Amino acid sequence: MSELVSSIRWGFLFLFLDINLGRFDILPNFVGYFFWLETFREYREKAPELYRLCTFCKIMGIVELVNWLLNPEFLLVSLLTMLLNLYLYYTILTWAADYAQSRGYEEAAALERLRNMLVIFQVAV
C-alpha cells in the first residue's frame, strides 16, 4: 500500500507543479491523471474506493491532454473540469486520511485539513 500512497503523491506532483518553458508545460496535468488511472486499476482489490475514480481520471486525462495540445478556452469545460477535480481531490484525500487513521498515523488529521483547504481554495479561485 505504500506504493499506492507514493503513486498518489506523484499524481498530485504532476497536477500542482507547473514548470513551463514559454507556453510548453514540462509536467503536464494529463500525465498525473493517467498515472492515477493506471495506479487505481493496479490496486483495484486493495482500494476499491479509488478504483471507482478510474472513469473520472480517464475523462480528466483526455480533457487535460486536449488542453495541453490545443489550449482552448471554454468556460463550460473549465467549470466542469473544476468540479471533477474537486471530486477527485476530495475523494483521494479522504481515502488517504481514512487509511492513515486506520493505521494510527498522526498525519490523518493533517490530510483532512489539507483536503478541506484545497477544496475551499479551488472554489474561491
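# Close-up views of helix packing and selected residues

**View 1. Arg41 and Glu38 are three residues apart in helix 2, a separation of about one helical turn.** Their side chains meet in a salt bridge, with a distance of 3.4 Å from N to O. The term denotes a side-chain nitrogen of Lys or Arg within 4 Å of a carboxyl oxygen of Asp or Glu. The structure holds one salt bridge. Arg41 has a relative accessibility of 38% and is therefore partly exposed; Glu38, at 46%, is likewise classed as partly exposed. Buried means under 20% relative accessible area, exposed over 50% and partly exposed in between (1.4 Å probe, protein chains only). The model is predicted, so that local features need pLDDT of at least 70 and side-chain atom pairs count only at pLDDT 80 or more, while totals for chains, interfaces and linings use all residues. Residues are numbered from 1 along each chain as its sequence is written, and side-chain values use heavy atoms, with hydrogens and water left out.

**View 2. Helix 2 (residues 29-42) packs against helix 4 (residues 54-70) at an angle of about 160°, the axes being 8 Å apart.** Helices are DSSP runs (H or I, at least four residues), numbered from the N terminus. Axes are lines fitted to C-alpha atoms over the stretch in contact, and angles run from 0 to 180 degrees between N-to-C directions. Helix 2 and helix 4 are therefore roughly antiparallel, given that angles under 35 degrees count as roughly parallel, over 145 as roughly antiparallel, 65 to 115 as roughly perpendicular and the rest as oblique. Their crossing is left-handed, meaning that the near helix is turned anticlockwise from the far one by less than a right angle. On the side of helix 2, the contact is made by Asn29, Phe30, Tyr33, Phe34, Trp36, Leu37, Phe40 and Arg41. Helix 4 contributes Cys54, Cys57, Lys58, Met60, Gly61, Ile62, Glu64, Leu65 and Trp68. Contact means heavy atoms within 4.5 Å. Sorted by class, the residues of this contact are 12 nonpolar, two polar and three charged. Ala, Val, Leu, Ile, Met, Phe, Trp, Tyr, Cys and Pro count as nonpolar, Asp, Glu, Lys and Arg as charged, and the others, Gly among them, as polar.

View 3. Gly61 is placed in helix 4 and, at 0% relative accessibility, counts as buried.

**View 4. Helix 4 and helix 5 pack at an angle of about 140°, with 11 Å between their axes.** This angle makes helix 4 oblique to helix 5. The crossing of the two helices is left-handed. Phe56, Cys57, Ile59, Met60 and Val63 of helix 4 meet Val77, Thr81, Leu84, Asn85, Tyr87 and Leu88 of helix 5. These residues divide into nine nonpolar, two polar and no charged. Leu84, which lies in helix 5 (residues 75-102), is buried at a relative accessible area of 19%. Beyond its neighbours within four places in sequence, Leu84 is in contact with Phe56, Ile59 and Met60. A separation of 15 Å is found between the C-alpha atoms of Leu84 and Tyr51, which are 33 residues apart along the chain.

**View 5. Helix 2 and helix 5 pack at about 45°, with their axes 14 Å apart.** The two helices are therefore oblique to each other, and helix 2 passes helix 5 in a left-handed crossing. Tyr33, Trp36 and Phe40 of helix 2 meet Asn85, Leu88, Tyr89 and Ile92 of helix 5. The contact comprises six nonpolar residues, one polar residue and no charged residue.

**View 6. Tyr43 occupies the loop between helix 2 and helix 3 (48-51).** Tyr43 is buried, with a relative accessible area of 10%. Residues up to four places away in sequence being set aside, Tyr43 touches Glu3 and Leu4. The C-alpha atoms of Tyr43 and Trp10 are 15 Å from each other, for a separation of 33 residues along the chain.
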